[in-house]
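Good morning, and thank you for coming.

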Amino acid sequence: KKRKEKEENKTEKQQIPNSRSKNPKQRKMPLSRDELLEVYRIKCEENKREANRPFLRYLEDINEEDDAIDIIIRGNDRLNFNYRIEDLDLIVICGTLESYSECLLFLDFSYNHIGDTGAMAL
């Protein structure tokens with residue numbers, strides 16, 4: 001039964017046209033990894049921030065076949081400990097993802113250095 005449901009979901013996903021309109025809020029499919037990386041780099045330059053290594057690593061590892069993404073960047077992870085997300089990092093991340101919120105299923109930024117300013121951006 002589960003296998004049949006998965007096959008039906010795959011068929012439904014294949015029937016949805018890939019909309020790459022100029023207005024990102026009208027998109028129906030998630031961004032490609034390259035597009036997300038480019039948008040993030042542009043946002044970092046606009047805000048004069050160095051790219052956050054854990055988030056950059058996350059973007060580089062996105063599987064383009066997924067139609068939704070979960071972002072889990074915990075500050076207490078040994079790879080992220082020295083590069084915790086701060087308020088200004090979160091503002092840039094939110095600016096990158098705001099037009100593509102329909103693709104996000106789950107966000108976990110626990111154990112990072114996020115204060116009121118970062119929470120407001122989120």
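Strand S1 (residues 69-72) and strand S2 (residues 104-108) run parallel and are joined by four bridges. Two strands are said to pair if DSSP finds at least two bridges between them. The names come from DSSP runs, numbered from the N terminus: helices are H or I runs of at least four residues, and strands are E runs of at least two. Together, S1, H4 and S2 make a right-handed β-α-β unit. Right-handed means that, with the strands pointing away from the viewer, the path from the first strand over the helix to the second runs clockwise.

I should state the basis of these remarks. This is a predicted model, in which local features need pLDDT of at least 70 and side-chain atom pairs count only at pLDDT 80 or more, while totals for chains, interfaces and linings use all residues. Residues are numbered from 1 along each chain as its sequence is written, and side-chain values use heavy atoms, with hydrogens and water left out.

Let us turn to helix H2. Helix H2 has 14 residues (residues 33-46), and at 1.5 Å a residue it should span 20 Å; its end C-alpha atoms are 20 Å apart, which agrees. The expected span is 1.5 Å times one less than the number of residues.

Which residues of H2 are buried? They are Leu36, Leu37, Tyr40 and Cys44. Seen down the axis of H2, the buried residues fall within an arc of 100 degrees, so they line one face of the helix. The arc is that of the directions from the helix axis to the C-beta atoms. Buried means under 20% relative accessible area, exposed over 50%, and partly exposed in between, with a 1.4 Å probe and protein chains only. The face of H2 turned away from its buried side carries the exposed residues Asp34, Glu45 and Glu46. The buried residues of H2 pack against helix H3 (53-60) and helix H4 (87-97), where contact means heavy atoms within 4.5 Å.

I now come to the aromatic rings. Rings of Phe, Tyr and Trp (its six-membered ring) pair if their centres lie within 6.5 Å; planes under 30 degrees apart count as stacked, over 60 as edge-to-face and the rest as tilted. By this rule there are two aromatic pairs. Tyr40 and Phe55 form an edge-to-face pair, at 4.9 Å centre to centre and with 70 degrees between the planes. This pair links distant parts of the chain, with Tyr40 in helix H2 and Phe55 in helix H3, 15 residues apart. Phe55 and Tyr58 form a stacked pair, at 6.4 Å centre to centre and with 20 degrees between the planes. Both of these residues lie in helix H3, three residues apart, about one turn of the helix. Phe55 and Tyr58 are both buried.

Lys48 lies in the loop between H2 and H3, and its phi is near 55 degrees, a positive value in a residue other than glycine. Lys48 counts as exposed, at 77% relative accessibility. Tyr111, in the loop between S2 and helix H5 (116-121), has a positive phi near 65 degrees. Tyr111 is exposed, with a relative accessible area of 53%.

Is Asp89 buried or exposed? Asp89 is buried, with a relative accessible area of 7%. Asp89 is in helix H4 and touches Arg49, Glu50, Asn52 and Arg84, not counting residues up to four places away in sequence.
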